[in-house]
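I opened my notebook to look around a structure that is new to me. Here is what I looked up, entry by entry.

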Amino acid sequence: MRVVLLGPPGAGKGTQAKPLQEKYGICQVSTGDILRKAVREHAPLGKQAAEYLDRGELVPDDVMLKLVAERLQEKDCEKGFILDGFPRTVPQAEGLEQILRDLGSGLDFVLCIQLPQGVLIQRLSGRRTCKKCGGLYHILLNPPKREGLCDSCGGELYQRQDDREETIAARLRVFETQTAPLVDYYRMKGLLREINGVGSSEEIRSRVFQALGAEHDLS
Ligand code: AP5
């Protein structure tokens, strides 16, 4: 199964990608995670991307398309994948179609998680991420059992640079202007499944499974 997870910053894409990955045995490709790792490791890609991430702007399309084209050719993507955070512009979506055509495949679904801006800001400003395994927490909505430490691996939790108030506002603006047009783009192609993102993680997870399972029993 090949799925795109679409939605504004803080919608819960990363949170929902995990259970999908586990249920269907497919890999999660989070472009945000790949970029942040490259920045941490001072890789050439990280040097190119750092200033865009800090400002909450999008990394140029040609850089992202090259990155995704290479990633999707790796062995762990053969059974399928969840694209989390890609595509984010119409040129990226068009480029993805070409990449998949070259690989002899196409997308099965595009899930768009939607929720009001006030909730997004609350989720982003309280998010904490595990340095070691990438586990996601929220200081109020989903706190770890031990403060500052990951429940799964004991790794240290940190606040992402781009989860500061001014950068959150910039990221939400970028979503509205550059990424939101993809909702209509994929609706026209008959791939879009809209998910109400208000509720607990478990509630959203069952909506996600329902949206996929109703037409595609892959369990
Ligand atoms: P990226 O890492 O993709 O960030 P994003 O799209 O802004 O999404 P987030 O990771 O912030 O949120 P999410 O929807 O995954 O929510 P989460 O599950 O964490 O991109 C970062 C940057 O990289 C971009 O700004 C850009 O610069 C660059 N970039 C990446 N891809 C690019 C591309 N394709 N092109 C160009 N540039 C690109 O949840 C958020 C919080 O809410 C967590 O604390 C979580 O615990 C909590 N939560 C989740 N669900 C629930 C729930 N149901 N109830 C309560 N709490 C919940």
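I count two residues as in contact when heavy atoms of theirs lie within 4.5 Å. I also keep in mind that this is a predicted model.

**Entry 1, a loop residue.** I began with Lys132, which sits in the loop between strand E5 (127-130) and E6. Is Lys132 buried or exposed? I found 64% relative accessibility, so Lys132 counts as exposed. Setting aside neighbours within four places in sequence, I see Lys132 in contact with Cys153 and Gly155. I also looked at Glu156, 24 residues away along the chain: its C-alpha atom and that of Lys132 are separated by 7.1 Å.

Next I went to Asp163, in the loop between strand E7 (157-158) and helix H7 (165-179). Its relative accessibility is 2%, and because buried means under 20%, Asp163 counts as buried. Which side chains make polar contacts with the side chain of Asp163? I found Arg127 at 2.9 Å and Arg171, also at 2.9 Å. Not counting residues up to four places away in sequence, Asp163 touches Leu124, Ser125, Arg127, Ile168 and Arg171.

- A backbone N or O atom of Gly12 is 3.0 Å from an oxygen atom of the ligand.
- For Thr15, a side-chain N or O atom is 2.6 Å from a ligand oxygen atom.
- For Arg160, a polar side-chain atom lies 3.0 Å from an oxygen atom of the ligand.

On its own the ligand has 1000 Å² of accessible area, and the protein covers 96% of that.

With 12 residues at 1.5 Å a residue, H1 should span 16 Å, and its end C-alpha atoms are 16 Å apart, which agrees. The buried residues I listed in H1 are Lys13, Gly14, Gln16, Ala17, Pro19, Leu20 and Tyr24. Their cover includes E1, strand E2 (27-30), E3, strand E4 (109-114), E6 and H9. After H1 comes Gly25, with a positive phi near 65°.

I finished with H5 (residues 90-102): its 13 residues should span 18 Å at 1.5 Å a residue, and the end C-alpha atoms are 19 Å apart, which agrees. Which residues of H5 are buried? I wrote down Gln92, Ala93, Gly95, Leu96, Ile99 and Leu100. They cover an arc of only 160° around the axis, so they are on the same side of H5. Arg101 and Asp102 are exposed on the other side. The buried residues pack against strand E1 (2-6), helix H4 (61-72), strand E3 (81-84) and helix H8 (181-188).

At the N-terminal end Thr89 is the cap, with a side-chain oxygen 3.1 Å from the backbone nitrogen of Gln92. Just after H5, Gly104 takes a positive phi of about 75°.

Notes: Residues numbered from 1 in each chain as written. Predicted model: local features only at pLDDT ≥ 70, side-chain atom pairs only at ≥ 80, totals over all residues. Heavy atoms only, no water. Helix = DSSP H or I, 4+ residues; strand = E, 2+ residues; numbered from the N terminus. Expected span 1.5 Å × (residues − 1). Buried < 20%, exposed > 50% of the residue type's maximum accessible area, 1.4 Å probe, protein only. Arc of directions from axis to C-beta. Polar contact = N/O pair within 3.5 Å; in protein donor to acceptor, adjacent residues only side chain to side chain. Areas by Shrake-Rupley, 256 points an atom, 1.4 Å probe, with all protein chains shown as cover.
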